[in-house]
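Here's a quick briefing to read alongside the sequence and the 3D view. Keep the viewer open and click along as you go.

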Amino acid sequence: MATITTSDVRLHTLPPAAGRAGLRGALASEFTKLRSVRSTYWALGALLIVSIGVGALVMGGESGSLTHNPGNKAGFDGTQVSLIPFFEIGQLIIGVLGALTITSEYSTGMIRTSLTAMPRRGVVYAAKAIVFTCVTLVFSLITSFVAFFVGQAMVASTGVGASLFGTVKIPANAIFNGPGSPGSPPKVTLQGIDVISASTVLRAVVGTALFVTLVALIAFSLGAIIRHTAGAIATVIGLMFIIPVVIQTLPDNWRWDITRFFPDAAGRVISVTVPGGGDPHLWSSWPQMIVTACYAVGLLAIGAYMFRKRDA
Amino acid sequence: MIEVRGLTKRYGAKTAVDDLTFSIEPGKVTGFLGPNGAGKTTTMRCILGLDYPGEGTVAVDGKSYPDLAYPMREVGALLDAKAVHGGRSARNHLLCLAQTNSLPKRRVAEVLELVGLTEVAGKRSKGFSLGMSQRLGIAGTLLGDPKVLMFDEPVNGLDPEGILWIRNLMRALAAEGRTVFVSSHLMSEMEHTADHLIVIGRGKLIADCTMSEFIAGSSGASVRVRTPSAEEFVRAITAQGGTAVTDEDGSIEVRGMTTEQLGDLAFSEGIRLHELTTVRASLEEAFMELTASSVEYRADVPGAQQPSTTIGSGV
């Protein structure tokens, strides 16, 4: 099989190949797929701009509020506030990319071409998941660190900004002593000290990036299960945003028992750095992250099963 | 060599392919023929492992498709030219396919050159015409220099130039000793390309034979005669043992006699002839005859005529 002489062009003979097509080729292919469509750049660009930009705006507002009302300094969690846009909006943006990574193959019909080229579906699915997870993790970490540093720069003058390089002490409580003279802040007495170590801040910054990556994997898996872009994204929104709101409407003693079993809870714990700043009805950071990870791994496995089992 | 044994595929209650058995020999073009909805695409999807057969087996060179070491080096298949991500450039589309089978990167440029898409290699395939998409799809099938090529309705919607290009390509590929398996619902298309035919209808095998067997097996030749003395001539023909049917337009369709015999007969009877033509049953007619009972979706138009012989001969 050397020449195809339908035109003046001749194809060169292919070098013989040993072994068999496997994960290595599939990884290269999936990376090419991800980097060769615009939606990837839109999503990652939006992730960076929204998380860092909105984070800076929020922290700019906080800076003003901390200056005008020093009472707000008590228990101020600069790390968490700077990361809120990232883990609230950013998780949704990266979730859209996660769903699209799989659903766009079905909506365009590309899946049939992909699986004809590489019919071992487990390999294709694993390659997709690995490439997407790596890209997401890298961009989430970059976003998280940049959002943190930009955010802290915005509140640097207030003295309660968080640091990754040393321990920061902030006032624990503020006692209100009545309004100040017109045009000046209310009179407050700041009491107690909360000590925030650099390692706690690092856990929050890295952990939030991990949380967003897990949410992206949940979206990816739902994409594999549902196979429709809109359906998968709607389900992610339902799971991460609607269900938590619905739970809020339940009687307290019920919701206190169940909120910790939902995947969104980790986001509200992992980003907390101030002692006692979290939700007392949730587990601590890492156990709560394991809950989210269980959703991701479970859905990833269901997605793998369905990706292999169903007709393409 | 593709072997299909007892292939059955159901979608819900509907049986798309029903106990289909055939094999495809290397070095020739095998036409896969059947009306729309006959199960051609389903059969091809099962061969490629895209759909899982309900029953039966499918093997390419003795192995199931997913077990091939480098599938693209064995089989190049194009089921749907539009089954690409339109946002990806032609070059990147081919690159991501080539990478799965560890094919060299320069191969992408070569196949693009071969199908004449080099100039638009960097363009997103969203804007491609059907003809260009078809060429891109074919470029993909040739990436791995495969021994077996499969095309599903490759000329559908193409202009005459594109059809000619694909027809020549398929012939050239078969001439190089490759197995070419191509489906169509147009008999007239196969007439020019296929050596062997597999005809299915409603998921069942109707015929598996060479092209010449297929033609010979059809109802055969007749002779059309036009004459001012039709009644007299019909009597003479009947007397000679031929069968003659007078058509609406006054011409006579004769079976069982050759043009020579009819010409001599007319001469001896002193009958003037205005026309004496051999009418060979076209492949299209033979195909229609064979599949008439297995057309899945038939439009019953009141007053509609029997399909004329020109149906489907758009080439």
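Predicted model: local features only at pLDDT ≥ 70, side-chain atom pairs only at ≥ 80, totals over all residues.

Walk along the sequence of chain A and you get α-α-α-α-α-β-β-α-α-α-α-α.

**Chain A overall**
- The C-alpha trace of chain A spans about 90 × 45 × 30 Å along its principal axes.
- Chain A has 312 residues, and 46% of them count as buried.
- Take the contacts in chain A with a separation of 6 or more: 77% of them come from residues 24 or more positions apart.

**A helix pair in chain A**
- Helix α2 (residues 38–68) and helix α5 (residues 121–154) of chain A have axes that come within 8 Å and cross at roughly 20 degrees.
- Angles under 35 degrees count as roughly parallel, so α2(A) and α5(A) are roughly parallel to each other.
- The crossing of α2(A) past α5(A) is right-handed.
- On the α2(A) side, the residues in the contact include L44(A), L48(A), I52(A), G55(A) and M59(A). Across from them, α5(A) brings in F139(A), V146(A), A147(A) and G151(A), among others.
- By class, this contact between α2(A) and α5(A) has eleven nonpolar residues, six polar ones and no charged ones.

**The hairpin in chain B**
- Strand β1 (residues 2–11) and strand β2 (residues 14–24) of chain B pair in the antiparallel sense, over seven bridges.
- R10(B) sits opposite T15(B) in β2(B).
- Two residues lie between the strands of this hairpin, and G12(B) takes a positive phi near 65 degrees.

**The six-stranded sheet in chain B**
- An open sheet of six strands runs in the order β5-β6-β7-β3-β8-β9 in chain B, with mixed pairing.
- At the edges are β5 (75–78) and β9 (204–210) of chain B, each pairing on one side only.
- From one strand to the next, the twist averages 15 degrees.
- β5(B) pairs with strand β6 (residues 148–152) of chain B in the parallel sense, over four bridges. In that pair, G76(B) stands opposite L149(B) in β6(B).

**Helices on that sheet**
- Helix α1 (residues 40–47) of chain B packs on the sheet and touches β3 (29–33), β6, β7 (179–184) and β8 (196–201) of chain B. The direction of α1 makes about 145 degrees with that of β6(B).
- Helix α6 (residues 160–175) of chain B lies across β3, β6 and β7 of chain B, and runs at about 150 degrees to β7(B).

Terms used
Residues numbered from 1 in each chain as written. Chains lettered and ligands numbered in written order. Axes fitted to C-alpha atoms, helices over the stretch in contact; angles between N-to-C directions. Parallel < 35°, antiparallel > 145°, perpendicular 65-115°, else oblique. Left-handed = near helix turned anticlockwise from the far one by under 90°. Contact = placed C-beta atoms within 7 Å. Nonpolar A, V, L, I, M, F, W, Y, C, P; charged D, E, K, R; others polar. Pairing = 2+ DSSP bridges. Buried ≥ 20, exposed ≤ 12 C-beta atoms within 10 Å, placed from the backbone.
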